[in-house]
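Trainee: Could you walk me through how to read a model like this one, feature by feature?

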Amino acid sequence: MDTEELLETLQAADLSYYQANAYVTLLELGTASATEVAQASDVPDARIYDVLRDLDDFGYVELYEQETFQARATDPETIVSGLTDRASAFESAAEEIEERYERPTLDTQTVSIVKRFDTVLEAARTFVRDAETQVHATLTRDQFEALRGDLADARDRGVTVNVTILGRDGDEPLADADYEGAVSAAHRLSRPAPFVLTSDLRRTAFAPNPAAVEDYGLILRNRSFTYVFFWHFLLFTWLPSPVAYEADMAGPKRYADIRQFLLENRALIRGDEPLRVEIEGRETDGDRSVTVSGEVVDAEHLSDAAVDGDQAPSVMALTGTASMVVDDGEERWTVGGWGATYEEVEADRIRVTGVGAELDAEPAE
């Protein structure tokens with residue numbers, strides 16, 4: 001660093017031009033009279049005494065009288081320590097500015113485009129922590145490990161967690177112990193796919209396939225957009241991929257989407273044993289909150305292609321209206337999913353509370 005750069009840096013550290021000039025001059029001279037400092041620097045004679053007194057107050061120089069008014073630079077250790085601390089503070093501020101620029105305010109923005117995957121991952125972690133019903137995610141092994149603790153906490157709250165783990169042919173599959181406690185069910189897909197995590201069909205964190213040219217991510221607090229990403233998860237990474245793990249469910253399983261409920265419980269719905277559920281949602285004619293508990297007695301638009309066999313249903317089997325009829329013992333309610341219009345209830349959350357002779361389980365909180 002040359003003298004001009006040193007002067008500019010000292011001025012950035014809150015010294016005036018004259019103060020920086022006098023101080024650098026004293027560093028070179030060692031000890032000098034005020035007149036000698038003025039002659040060797042750009043400080044006018046009329047200003048030199050005030051400038052040196054200011055530097056003395058700041059701790060940069062020490063003043064004393066010895067026939068003439070003398071000044072010398074103090075031990076630089078304190079000055080250097082202060083400058084180092086300020087440099088660290090500026091560096092931290094620069095990093096924080098960059099972070100805040102790229103990090104959306106999740107409480108106020110419904111759709112955000114970000115540049116770094118770390119920002120997407122942090123949003124996904126927040127969405128898992130906020131989940132009350134169901135989390136769907138397509139993850140690499142490393143991403144799963146990064147989120148595993150939060151997913152396990154969600155499972156402890158009773159949230160249903162379904163994940164598709166991405167891998168390559170020949171990779172050693174995860175063991176049951178790796179999944180245990182963190183997921184309700186896991187599938188395995190041996191090809192690249194985007195990072196997608198949806199929470200309660202209301203929040204989404206997305207990043208493209210790592211092989212994609214684009215470098216960006218999406219963070220969404222929007223139900224309409226989230227439903228699109230949920231369908232992507234369901235059709236492209238969940239239903240076509242083989243099961244890798246299924247947990248023994250202790251307590252009621254939760255669903256945020258009626259189609260997934262109908263698909264996973266199609267055999268029970270068409271079987272001889274009663275399937276009991278609890279529905280939380282709203283009445284479509286008045287937008288009032290309602291809870292319906294009872295037996296599923298019918299399911300509309302659940303075609304044979306979606307019911308029979310163990311094969312994944314076709315896309316056509318998933319289209320159209322999905323609804324069911326729940327008998328609470330006094331009346332029968334027609335229940336639809338998101339955007340229900342013709343049904344009496346739009347379901348936000350569906351809980352399986354009993355099958356056959358089982359007693360209704362208490363909903364997990």
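Mentor: Let us begin with one residue, keeping in mind throughout that this is a predicted model. Thr226 has its place in helix 9, which spans residues 223-238.

Trainee: Is Thr226 buried or exposed?

Mentor: Thr226 is buried, because its relative accessible area is 0%, and the cut-off for that word is under 20%.

Trainee: Which residues does Thr226 touch, leaving aside those up to four places away in sequence?

Mentor: With those set aside, Thr226 touches Thr198, Leu201, Arg202, Arg203 and Thr204. With Thr204 there is also a polar contact between the two side chains, at 2.8 Å.

Trainee: Where is Asp200 found, and where is Leu201?

Mentor: Asp200 is found in the loop between strand 8 (195-199) and strand 9 (203-207), and Leu201 has its place in the loop between strand 8 and strand 9 as well. Asp200 counts as buried because its relative accessible area is 12%, and Leu201 is buried with a value of 4%.

Trainee: How should I read the packing of two helices?

Mentor: Two packed helices are described by the angle between their axes and the distance between the axes. Take helix 1 (residues 3-12) and helix 2 (residues 17-29), which pack at an angle of about 130° with their axes 9 Å apart. That angle makes helix 1 oblique to helix 2, and the crossing of the two is right-handed.

Trainee: Which residues of helix 1 and helix 2 meet?

Mentor: From helix 1 come Thr3, Leu6, Leu7, Leu10 and Gln11, and they meet Tyr17, Ala20, Asn21, Tyr23, Val24 and Glu28 of helix 2. Sorted by class, the residues of this contact are 7 nonpolar, 3 polar and 1 charged.

Trainee: At what angle do helix 2 and helix 4 pack?

Mentor: Helix 2 and helix 4 (residues 45-58) pack at about 80°, with their axes 9 Å apart, and they are therefore roughly perpendicular to each other. On the side of helix 2 the contact is made by Tyr18, Gln19, Ala22, Tyr23 and Leu26, and on the side of helix 4 by Arg47, Val51, Leu52, Asp54, Leu55 and Phe58. The classes in this contact are 8 nonpolar, 1 polar and 2 charged residues.

Trainee: And what is the angle between helix 6 and helix 7?

Mentor: Helix 6 (residues 117-130) and helix 7 (residues 141-156) pack at about 15°, with their axes 9 Å apart, and are therefore roughly parallel to each other. Their crossing is right-handed, and the residues of the contact divide into 8 nonpolar, 1 polar and 3 charged.

Trainee: Which residues of helix 7 does Arg125 of helix 6 touch?

Mentor: Not counting residues up to four places away in sequence, Arg125 touches Ala146, Leu147 and Asp150. Arg125 lies in helix 6 and counts as buried, because its relative accessibility is 15%.

Trainee: Which backbone oxygens does the side chain of Arg254 reach?

Mentor: The side chain of Arg254 reaches the backbone oxygen of Glu132 at 2.3 Å and the backbone oxygen of Arg157 at 3.3 Å. Arg254 has its place in strand 12 (residues 254-255) and, at 3% relative accessibility, counts as buried. The C-alpha atoms of Arg254 and Arg349 are separated by 6.8 Å, although the two residues are 95 residues apart along the chain.

Definitions and conventions
Residues are numbered from 1 along each chain as its sequence is written. This is a predicted model: local features need pLDDT of at least 70, side-chain atom pairs count only at pLDDT 80 or more; totals for chains, interfaces and linings use all residues. Side-chain values use heavy atoms; hydrogens and water are left out. Helices (H or I, at least four residues) and strands (E, at least two) are DSSP runs, numbered from the N terminus. Buried means under 20% relative accessible area, exposed over 50%, partly exposed in between (1.4 Å probe, protein chains only). A polar contact is a pair of N or O atoms within 3.5 Å; within protein, one must be able to donate a hydrogen and the other to accept it, and residues adjacent in sequence count only if both atoms are side-chain atoms. Contact means heavy atoms within 4.5 Å. Axes are lines fitted to C-alpha atoms, for helices over the stretch in contact, and angles run from 0 to 180 degrees between N-to-C directions. Angles under 35 degrees count as roughly parallel, over 145 as roughly antiparallel, 65 to 115 as roughly perpendicular and the rest as oblique. A crossing is left-handed if the near helix is turned anticlockwise from the far one by less than a right angle, and right-handed if clockwise. Ala, Val, Leu, Ile, Met, Phe, Trp, Tyr, Cys and Pro count as nonpolar, Asp, Glu, Lys and Arg as charged, and the others, Gly among them, as polar.
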